[in-house]
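Open the structure in your viewer and keep the selection panel at hand.

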Amino acid sequence: MRIIQILTTLSFGDAVGNDTLAIMNLLRKNGYPDSAIYAENLDARLAAIDGVHKIRNLPELNADDIIIYHLSTGSNLNRKIRDYVGRKLVIYHNITPANF
């Protein structure tokens, strides 16, 4: 079983990106060394991090794999995610009002 995270954009310094990286680090520290991140758009500053990949490099998934999908923006990936094999968990990153 692998636990992978998928998201539209992994950006440097962004709250969604920071959350995704923190989850990967926690998973790895707690016995899931194959935990990885796959993004459609990948900030070049994060591309060198071990376990961070473009979505086009997503390996074949198995039924026992777990996908954590970070839903934050409109994307075709929002519809494609349901077709991926494996168990799915969605983390919805809502839009914070400007006054915060």
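Two residues are in contact here when heavy atoms of each lie within 4.5 Å. Keep in mind that this is a predicted model.

Start with L58. Leaving aside residues up to four places away in sequence, L58 touches I4, I6, Y38 and Y84.

Now widen the selection to the largest nonpolar core. Select I4, I6, A36, Y38, I55, L58, L61, I67, Y69, L77 and I81; these eleven residues make up that core. Colour three strands next: strand 1 (3–10), strand 2 (36–42) and strand 4 (66–71) each give this core at least two residues. In soluble globular proteins, nonpolar side chains tend to be buried together.

Switch to cartoon view. Trace the chain along its sequence, and the order is β-α-β-β-β-α-β. The radius of gyration is 13 Å, close to the 13 Å that the globule rule gives for 100 residues, so the protein is as compact as a globular protein of that length. Its C-alpha atoms fill a box of roughly 40 × 30 × 25 Å along the principal axes.

Show contacts. Of those with a separation of 6 or more, 56% join residues 24 or more positions apart.

Finish with the surface. It exposes about 6100 Å², with 52% supplied by carbon and sulfur atoms. Of the 100 residues, 35% count as buried. Last, colour by charge: there are 11 positive and 10 negative side chains, and the centres of the two sets are 3 Å apart.

Definitions and conventions:
Residues numbered from 1 in each chain as written. Predicted model: local features only at pLDDT ≥ 70, side-chain atom pairs only at ≥ 80, totals over all residues. Heavy atoms only, no water. Helix = DSSP H or I, 4+ residues; strand = E, 2+ residues; numbered from the N terminus. Rg over C-alpha atoms; globule rule 2.2 N^0.38 Å. Buried < 20%, exposed > 50% of the residue type's maximum accessible area, 1.4 Å probe, protein only. Areas by Shrake-Rupley, 256 points an atom, 1.4 Å probe, with all protein chains shown as cover. Lys, Arg positive; Asp, Glu negative; His and termini not counted. Charge placed at Lys NZ, Arg CZ, Asp CG, Glu CD. Core = buried A, V, L, I, M, F, W, Y, C linked by side-chain atoms within 4.5 Å.
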